[in-house]
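Keep the structure open as you read.

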Amino acid sequence: QVHVVQSGGGLVQPGGSLRLSCTASGRIFGINYVGWYRQAPGKGRELVAEIISDSTTNYADSVKYADSVKGRFTISKDSAKTTMYLQMNSLKFEETGHYLCNVEVLLGTDGSTWNGWGQGQGTLVTVSS
């Protein structure tokens, strides 16, 4: 069984910073994918940043950002590669919303995987003065 727990978020003024965390636990051989998505009020879910990895090789990760956040947001993983972060700097009003992490876990050497989301609606980020 794999669990994904998010933390971080809160209220921040425009131009401020926040860091979101997403921790996967349980039967994990590796993490193939982590993506941070935003759902703004009244809008659909959109990709903010993602890391695509190959847990079975030493190939470098592939990192992608939405154009609107390039240069301001950074997605990363800790050394154990089970906690993923989204560092958000210079936040804007329009970046208010629920942020959710999506994780694909490699369960073993047989190639089986598990995909899941952080809990509930995700982490609320409110950018307001």
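The model is predicted. Four strands form an open sheet, in the order β1-β3-β8-β7, and their pairing is antiparallel. Strands β1 (2-7) and β7 (73-77) stand at the edges. Each has a single partner strand, so one side of each lacks a neighbour in the sheet. From one strand to the next, the twist averages 15°.

Look at the pair β3 and β8. Strand β3 covers residues 18-26, and β8 covers residues 83-88. The two run antiparallel and are joined by six bridges.

**Two glutamines**

Q6 lies in strand β1, while Q87 lies in strand β8. Are they buried or exposed? The table gives the values.

| Residue | Relative accessible area | Class |
|---|---|---|
| Q6 | 5% | buried |
| Q87 | 26% | partly exposed |

The cut-off explains the first class: buried means under 20%, so Q6 at 5% counts as buried.

Which residues surround Q6, beyond those up to four places away in sequence? Its contacts include C22, W36, Y99 and G118. T123 is also among them. The side chains of Q6 and T123 make a polar contact of 2.9 Å.

Q87 has its own set of contacts. Leaving aside neighbours within four places in sequence, Q87 touches S17, L18, R19, R72, F73 and T74. Its side chain also makes a polar contact of 2.9 Å with the side chain of N89. A49 is 38 residues from Q87 in sequence, and their C-alpha atoms are 10 Å apart in space.

Terms used
Residues numbered from 1 in each chain as written. Predicted model: local features only at pLDDT ≥ 70, side-chain atom pairs only at ≥ 80, totals over all residues. Heavy atoms only, no water. Pairing = 2+ DSSP bridges. Axes fitted to C-alpha atoms, helices over the stretch in contact; angles between N-to-C directions. Buried < 20%, exposed > 50% of the residue type's maximum accessible area, 1.4 Å probe, protein only. Polar contact = N/O pair within 3.5 Å; in protein donor to acceptor, adjacent residues only side chain to side chain. Contact = heavy atoms within 4.5 Å.
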